[in-house]
Amino acid sequence: MLSPAPRRRPPGPGAGARPRRRTDSVAAAAFTSPAVLGLTAFTLFPLVMSVVVSLWHWPAFGEREFAGLANYTDLLTSRHFGRVLLNTIVYTVLYIPLNIGVSLGLALWISTMGRGKQTLRVLFFLPVVTPIVAQVLVWRLIYQPNGVIAGLLAPLGIDAPNFLGDSSWAMASMVVMSVWQGFGYNMLIFSAALDQIPSSVHDAASVDGVSPFQRLRAVTLPMISPMMFFATTMTLITSFQVFAQPYLLTGGGPGNATETLVLFLYREGFSAFSLGSAAAVGWFLFALILLVTIVQFLGQKRWVHYDS
Amino acid sequence: MTPEAMTTAARPAAAHPRRRARSGPPGRRRHRLRHTLSALLLWATALLFLSPILYAAAVSLKPASDVFDIPPTLVGSEIRWENYVEALTYLPFLRFIANSLAVAGAGTVIVLTVSSLAAYAFARLRWPLRAAVFLLFLSTLMVPQEVLVIPLFIEMQLLGWVDSYQALVLPFAFTAFGTFLLRQFFLGIPAELEDAARIDGAGHARIFGSVMLPLARPTLAVLAVFTFITFWNSFLWPLVITHSIYEKGVVPVGLALFFSQQGSQWHLVMAAALVSMVPTVILVLLLRRHLVSGIATAGLGGR
Amino acid sequence: MPAPTLSRRSLAAATAAVTGLAACSPQSPPGGRTDSAGRTTVSWTMWSGGTEERTSWERAAATVTEEHPEIGVELQTTAFQDYFTNIGTRIAGDAAPCVLSMQSLRLGTFEEAMLPLDDLIAEHGLDLSAFDTTGLEALQSQGRQMALPYDNGPILMLYNRDALAAAEVPEPQAGWTIDEFEETIRALTSGGRFGYSAFPTGDTMLAMLLSFNGATAVTEDRRLTLDTPEMIEAFSWYTSLVHELGVAPEISGNTDVALDQFLAGNAAMTPTGPWAILNVNAQAAFEVGLVPLPVGTHGPATLSAGSGFGIAASCPVIEEAFLAVTSLTGPAVLEALAAEGRAFPSRTAPQSAWYANAPEGSEAALSAALETATPLVTTDNWSQVADGIAQYCGQAFNGEKSPGDVLALLQDEFGG
């Protein structure tokens, strides 16, 4: 999967003259050293520190004592943590299909336009560009009781629910806001994939009298499935890490309806200042992401078509 | 439908029935009508999707007391363009924007440089343990920033970099995303180009600089846009590491200052937020041609 | 093979470094230093919003140098909502400032990292009688003075005089009862506007609950007591204002917008403390009135809170830091802050400067409230409790969960 071999064209006529390269270790060391040094200094080193910290009871002020795996077992037996884990999974299960659906749908729709494609893509990308702090504030005003949505529904005689204050609506409201904010990236990715489908494919399909829907299912989607795989995997990873929305929009409430893993981590670390426990939560998160990504990679054989 | 079709830089345009519908029998004309309706609907959808931003703009022009009007209004009792001036003087917001520009700019340059160098090594050089190290790189992508924040803070403290510009830039200038993206792209470059240069006597440095990089322009543009936006909107790390906010604060941290113990300035926040969008929007507009092609030519499909 | 070995080596180094971290101190002690010319720079953290606010704190810092030429103050400000996270992180990372601004509500959390000031006060012969006793008490813990106060005040009720006049409702007077309060806000709720605006907070809401029937959330020895019968009764009444009587807007999200609703004219009454009053008065498009909280079954009562400046235990220049603190809480600075409305001063003398810019009737209201005010004592995990209150109480306000259940949950989670 990682080897570039299938990509390489067989050597051309000058094959005999092509020098056989020995390993490029020296060059490789030179080229990769900035990245490796940087990653080691700023990711691996803190990561290791975080593992060590997770094995201690590490309050901000006061005694630090070794705790072994106590932080981890405490989390596993905590009902609060279980709920937080569930919330994160629910969020992801709601978010991914909606995000992929919206971005794919819009990408397909835009690709049927002639001119204006680029403008439309930029316009739909704009929510990504807005600072998250500002977005949350605007959506707070929009979701308020007596806010914009309530104001729009009132003349129709509909009593708008309390989007952020009602437990049955809070998670969905947060998902909608997140999709609005994040779908732009995937829309660009799918647009790129769709642009790459040669016109011959479309022409062939329409000549055969295939309906647009069938064409979509049997031809278009399989052809862009590698991109879909990439988009789904990256979106999965980021959706498990959702933080700014629950932190700024609902504070995890009402109750703990919208309290997600990273919000919980942040509170353990910066509100309770229980750094060891926060580090342990981080590792749970990492394990979860790793697990899901592996499942994705294993499952790709079933639905991703690299050659058509 | 070979892998080549997915990896070449050529952009075969998506076929379009409209091309055949330019003139012709009524059936085609109906098709054209449907298409125009579809286009109108799409533009209306775009407007709908942009409405929160438009609402933010509306709020930014309201006087403070009209922000929470019941029922909510688009226009307040007066249109206050002065809000924009007030927002920029209530806080040294232009300085925050300048700080963000410096941090995001420096960060983007570093990311582009470091990632392309590493990507070349992963894609075009042969060396032992290459696959394992690449996997290590990839796995760092799964580590959420929040896990690293506290150890990173302690590390910055050890280095004496707390409350400094380098602390804002460097810790996140080495993420593996760029390396991943560019490696995929470099993998797709035909070997002949490289061989030709090598026959001319070029070493790795020259191949990298004169052959690989120029071809990678669209993908580099995409990486630049994504990286810039990530730095620009980064919120938790600057919050933790910046202490002299009025001198070194960046935009998201600055926006929080509009909410104080003595009242919140919603209308000014909206104005400031819209102003802070300008640099990123300009960047997107400048590089919009490459946004899609840069992803396409990275050929993320055929791994 | 550079990469793997590098990782292994750095792993070993990292483990060694980290285990030594606990005892390790950074190169140059943060918080303060004395240079060769004998001039000491002391760092001071404070919360601040806009430039105007920042400027007044800078002036206060300059006053320190005026009064003590060999001391310079380096001011570092953060937004209020992030302030305690910020200093918590700094203390955890051994990068604490010398002079620490502290709210009485957070004293429980941070007192371990602060230096008791009693010895320094005695040493320097500081006269504490010029200070408001409630202010001093608010910043005491276990009998030790942990910080000197610059501002202190009781929670009061703000009301919209124009709205009351328009609805022909008589203005409340000190000593008005809970029943009169309910009548008033009911009369003011009409046409989409509400009579009152509530939000679950650790200060204004608890003050209202105390006023209702004397229910306290925290005991004298800093234990959380949220699920006592009195608390449940008071909380049930308070939440019924929203979901049963409909006299206050629904609660949504976790930002306290009660004051915003008041300023927008959507709610005619809301409780707040003196730290916000002059600002509200300046911003309001209507006339603002002040009155102590309505009296319940336990007699007149309200909570007071305040803020002051303390010294971090890690400060290397304690003497100079203390002199800075005395200047910052001195008559000159407090007079300036009072005139700007930035603080209701904790020294009795400058209080008249505050009244000069305050709404009509504030002096009477504040004095009446101060007489019945008790400092809000908090637990040492108050940040989490306050977050929890904002996060969980909404469900009681919108009728989803019973008030008793919510309080029991909070007590379970944060008590003990």
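This is a predicted model: local features need pLDDT of at least 70, side-chain atom pairs count only at pLDDT 80 or more; totals for chains, interfaces and linings use all residues.
The C-alpha trace of chain C spans about 75 × 55 × 40 Å along its principal axes. Chain C touches chain B through 37 residues, and chain B in turn touches chain A through 90 residues.

**Chain C: fold and burial**

- Chain C holds 19 helices and 12 strands.
- Of its 416 residues, 57% count as buried.
- Take the contacts in chain C between residues at least 6 apart in sequence: 75% of them join residues at least 24 apart.

**Interface of chain B with chain A**

- Here 90 residues of chain B are in contact with 99 residues of chain A.
- Helix 3 (residues 26-60) of chain B gives the largest share of the chain B side, with 11 residues.
- By class, the chain B side has 69 nonpolar, 12 polar and 9 charged residues.

**Interface of chain C with chain B**

- In this interface, 37 residues of chain C meet 33 residues of chain B.
- Six elements of chain C each supply at least two residues to the chain C side: helix 1 (2-21), helix 2 (51-67), strand 3 (71-78), helix 3 (80-92), helix 11 (258-263) and helix 12 (274-283).
- Helix 12 of chain C makes the largest share, 5 residues.
- The chain C side divides into 16 nonpolar, 16 polar and 5 charged residues.

**A helix pair in chain A**

- Two packed helices are described by the angle between their axes and the distance between the axes.
- The axes of helix 3 (residues 79-111) and helix 9 (residues 212-240) of chain A come within 10 Å and cross at roughly 145°.
- This crossing of helix 3 and helix 9 of chain A is right-handed.
- Helix 3 of chain A makes the contact with Thr88(A), Tyr91(A), Thr92(A), Tyr95(A), Ile96(A), Asn99(A) and Ile100(A).
- Helix 9 of chain A answers with Ala231(A), Thr232(A), Thr235(A), Leu236(A), Ser239(A) and Phe240(A).
- The contact has 7 nonpolar and 6 polar residues, and no charged residues.

**Backbone details in loops**

- The peptide bond from Gly253(A) to Pro254(A) is cis, with omega near -5°.
- Pro254(A) sits in the loop between helix 10 (244-250) and helix 11 (261-270) of chain A.
- Phe273(A) is not a glycine, yet it has a positive phi of about 50°.
- Phe273(A) belongs to the loop between helix 11 and helix 12 (275-303) of chain A.
- Phe273(A) counts as buried because it has 26 C-beta neighbours inside 10 Å, and the cut-off for buried is 20 or more.
- Arg222(C) also is a residue other than glycine with positive phi, near 60°.
- Arg222(C) is found in the loop between helix 9 (204-213) and helix 10 (229-243) of chain C.
- With 17 other C-beta atoms within 10 Å, Arg222(C) is partly exposed.

Methods
Residues are numbered from 1 along each chain as its sequence is written. Chains are lettered from A and ligands numbered from 1 in the order in which they are written. Two residues are in contact if their C-beta atoms, placed from the backbone, lie within 7 Å. Helices (H or I, at least four residues) and strands (E, at least two) are DSSP runs, numbered from the N terminus. Ala, Val, Leu, Ile, Met, Phe, Trp, Tyr, Cys and Pro count as nonpolar, Asp, Glu, Lys and Arg as charged, and the others, Gly among them, as polar. Axes are lines fitted to C-alpha atoms, for helices over the stretch in contact, and angles run from 0 to 180 degrees between N-to-C directions. A crossing is left-handed if the near helix is turned anticlockwise from the far one by less than a right angle, and right-handed if clockwise. A residue is buried if 20 or more other C-beta atoms lie within 10 Å of its own, exposed if 12 or fewer, and partly exposed in between; C-beta atoms are placed from the backbone.
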